[in-house]
Amino acid sequence: MLLAGAALAYASGVMAGAGEARPGDLDPAMKSYATAAVGVVSASILFALQEWSARGRGIALPGVVCGLGIAALLGIAAMDPGPTMQAGNPQNVLLVVVDTLRSDRTELPVGDGLRERTPHLAQLASRGTRYASAYSQAPWTMPSTASMMTGEYPGQHGAYSLTGRLSAPVPVLAEILRESGYQTAAVVSHGFVSKGVGFGQGFDAFDDALVIGKNTHRERSSGKVTDRALKWLGSRDADAPFFLWLHYFDPHYEYLDNPDWPWADDYDGWLKTTPHEIAGLRVQRHRLGPDDLGWLSDLYDEEIAYTDREIGRLIDALGQQGLLDDTVVIFVSDHGEAFGEHGWIGHTLTVHEELVHVPLFWYAPGGQSLTIASVVETRSLFWSLMDHLGIAWQPDSPSRRPLPTREEPDAYAVSGVSLLDAPLMSGKTSVQTSIRTNDATLIVDRLRGSEAYYDRSADLDENAPLAADEGAAALRARLADWEQRFPTTEAATREIDAEEIELLKELGYL
Ligand SMILES: [Zn+2]
C-alpha cells in the first residue's frame with residue numbers, strides 16, 4: 001500500500017515536472033513536501049478503497065473518500081509558495097551564443113595576422129576573462145546548449161538524441177532566474193533550441209520566429225537577432241533585472257558569400273558553379289582539394305565576421321544605454337566545424353578538437369582582464385552565474401563546477417556524442433566520449449571499440465595519436481571514474497515529421 005502511494009506520488013511529481021513551468025515550481029524543499037503530501041493522500045485513498053471493497057460494500061462511500069482525496073490534492077496543487085529564491089547580486093545577464101564557431105577563428109591575430117574576423121568579440125574578451133581552452137559538452141547544438149542551460153552533462157539532462165528534446169523536470173537557467181526575480185527573454189534562430197524542442201521553459205518572452213524553416217537558412221539572420229534583442233531591451237521593465245539569451249546562427253552551413261568581405265572572392269573552382277548541399281559535399285569530400293576547402297572556409301569566415309559586426313552593434317547599444325555597468329555578458333559557441341579535419345565536413349559526429357573547442361568569454365562589471373589557459377567546460381557558465389548572482393542553487397549537486405578564476409593544474413573537460421536512433425546520411429552512427437586535461441586528450445569510440453590518445457602541447461589538432469602509455473591509462477581511469485559519477489540517462493525523444501526530416505538533411509544532420 002505504501003509502495004502504491006509512493007508510485008502515485010512519483011507519478012504526480014513527474015506530471016508536475018512535465019507541465020509548463022510556473023513560478024513556485026522550483027523550490028526543491030516545497031516540491032518534495034508537496035510530493036510527500038500527495039503520496040500520503042494517495043495512499044489514504046487506496047487504503048480506504050481496499051478496506052471498503054474487502055468488506056463487500058457499495059460505491060457511495062468510496063466516492064466520498066475519493067472526492068475528499070481529490071479536493072485535498074487540488075488544495076495542495078493550488079498552494080503556490082511564490083518566488084522562493086533571491087539573487088544576492090541581481091545584475092543583468094546577457095548570454096550570447098553563436099552557432100558553429102570554432103575557437104581558432106576568434107583569436108587575434110589569426111594565422112597570418114591579417115584577417116580580423118572578430119574584432120568586436122576581441123574587444124569584449126579583452127575587458128573580461130577569456131577561457132582559451134573551453135570545450136562544449138557535445139559537437140552539435142541541442143545537447144551542447146542544454147548543458148549550458150542546465151549545468152549538466154548531456155547524459156544527465158537527456159537532450160542528446162537527434163529526435164530528442166529538453167524536457168522538465170530538469171530545471172533550466174531561465175526558470176531559476178525568473179524564480180529569482182528576473183525578466184527572462186530569448187531570441188533564437190535555430191530549430192534545435194526552439195520552443196518545439198523544449199527550450200522555451202522559463203522565458204517570459206521567447207522569440208523563435210527566426211527559427212530556420214525550409215530554405216531560410218540560406219538567408220542571413222544575425223542582423224535580425226540583434227534588431228529583435230534591441231527591441232526587447234527597449235520594451236522591458238527597467239526596474240527588474242533581465243536575463244536575455246541570444247542564439248545567432250549564420251556561421252552554420254550553408255555559408256553565404258558576403259559582399260562586405262572579400263575573402264572568398266578569388267575562388268574560381270568547380271564548387272562555385274556546382275550545387276553543394278552539405279550531404280553532397282560529404283559524399284564528394286575526397287574530391288575537395290585545398291582550394292575548394294579553402295573557399296568553404298573563407299565563406300565561413302565571412303559569416304563569422306558579419307555575425308561579429310552584429311554582436312558589436314548590440315554591445316555598443318548596451319554601452320550607450322549604460323547597461324554594461326550592470327550586466328554580465330557571456331559569449332560562447334555551441335560547437336565548432338570541420339573543413340576536412342579527421343575526414344569530415346560540418347559537425348555532429350566526432351568529439352575532435354575542431355568540433356568541441358569553442359570560444360568562451362566572461363565579462364562582469366568591475367571584473368579583471370584575464371586569460372585562463374586551463375581546460376574548462378562550457379556547462380560551467382551555469383554554475384558561475386549562480387555564484388556571481390548570489391543564487392544558492394543546489395550547492396551540493398555533484399554537477400556543480402563553476403568556471404575557474406585562476407589556472408587549474410588538475411582541470412579536465414568531458415565531451416560526448418551519442419547518436420544511435422537516426423542513421424546519418426553517410427551511414428554512420430556515433431558514440432564517442434572525450435576527456436581532456438591540460439596536457440592530453442583521450443577519445444573513446446564505443447561503436448568501434450577503439451581509443452585515441454594525444455599530447456595537447458605537441459598535437460592540439462589531434463593528427464597523430466600516440467601509443468597508449470601510463471598517461472593514457474591515467475586518463476582512461478579518470479574517464480571511468482567520471483562515468484560512474486555521471487551515468488547516462490535515457491534520451492528524451494519527440495516525433496519528427498517528413499518536413500523536419502527534410503530540413504535536418506539540408507542542415508547536414510541526417
Ligand atoms: Zn549548433
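## Notes on the predicted model

1. Buried residues make up 44% of the 510 residues in the protein. Buried here means 20 or more other C-beta atoms within 10 Å of a residue's own, with exposed set at 12 or fewer, partly exposed in between, and C-beta atoms placed from the backbone. Keep in mind that this is a predicted model: local features need pLDDT of at least 70, side-chain atom pairs count only at pLDDT 80 or more, and totals for chains, interfaces and linings use all residues. Residues are numbered from 1 along each chain as its sequence is written.

2. On the overall make-up, the protein has 14 helices and 15 strands. These are DSSP runs numbered from the N terminus: helices are H or I with at least four residues, strands are E with at least two. Of the contacts between residues at least 6 apart in sequence, 73% join residues at least 24 apart. A contact means that the C-beta atoms of two residues, placed from the backbone, lie within 7 Å.

3. Now the core. The largest nonpolar core holds 112 residues, and Val96, Leu246 and Ile330 have the most contacts inside it. Such a core is a set of buried Ala, Val, Leu, Ile, Met, Phe, Trp, Tyr and Cys residues joined through C-beta atoms within 7 Å. Helix H10 (residues 290-320) gives the largest share of this core, eleven residues. Leaving out residues up to four places away in sequence, Leu246 touches Val96, Val97, Val187, Val225 and Ala229. As background, nonpolar side chains tend to be buried together in soluble globular proteins.

4. H10 also meets another helix. The axes of helix H4 (residues 119-126) and H10 come within 7 Å and cross at roughly 50 degrees. Axes are lines fitted to C-alpha atoms, for helices over the stretch in contact, and angles run from 0 to 180 degrees between N-to-C directions. H4 and H10 are therefore oblique to each other; under 35 degrees would count as roughly parallel, over 145 as roughly antiparallel, 65 to 115 as roughly perpendicular, and the rest is oblique. From H4, Pro119, His120, Leu121 and Leu124 meet Asp308, Arg309, Ile311, Gly312 and Ile315 in H10. The residues of this H4 and H10 contact divide into five nonpolar, two polar and two charged.

5. Have a look at strand S3 (183-188). Six of the six residues of S3 are buried, so this strand is largely enclosed by the rest of the structure. Gln183, Ala185 and Val187 point one way, while Thr184, Ala186 and Val188 point the other way. S3 runs parallel to strand S5 (residues 242-248), joined by six bridges, and Ala185 stands opposite Leu244 in S5. S3 also pairs in the parallel sense with S4 over three bridges, where Ala186 stands opposite Phe206. Pairing means that DSSP finds at least two bridges between two strands.

6. The loop between S3 and strand S4 (205-207) contains Gly202. Gly202 is buried, with 26 other C-beta atoms within 10 Å. Gly202 and Pro171 are 31 residues apart in sequence and 8.9 Å apart in space, C-alpha to C-alpha.

7. Strand S2 (residues 129-135) has five of its seven residues buried, so S2 is largely enclosed by the rest of the structure. Five bridges join S2 to strand S9 (residues 357-363), and these two run antiparallel; Arg130 has Phe361 as its bridge partner in S9. With strand S10 (residues 370-372), S2 pairs in the parallel sense over three bridges, Tyr131 having Ile372 as its partner. Two bridges link S2 to strand S11 (residues 376-377), again in a parallel run, and there Tyr135 is partnered by Glu377.

8. Finally, an open sheet of four strands has the order S12-S13-S14-S15, with antiparallel pairing. Its edge strands are S12 (412-419) and S15 (450-455), each pairing on one side only. The twist averages 10 degrees from one strand to the next. Helix H13 (residues 470-485) packs on this sheet, touching S12, S13, S14 and S15, and its direction makes about 60 degrees with that of S14.

How values were computed. Ala, Val, Leu, Ile, Met, Phe, Trp, Tyr, Cys and Pro count as nonpolar, Asp, Glu, Lys and Arg as charged, and the others, Gly among them, as polar.
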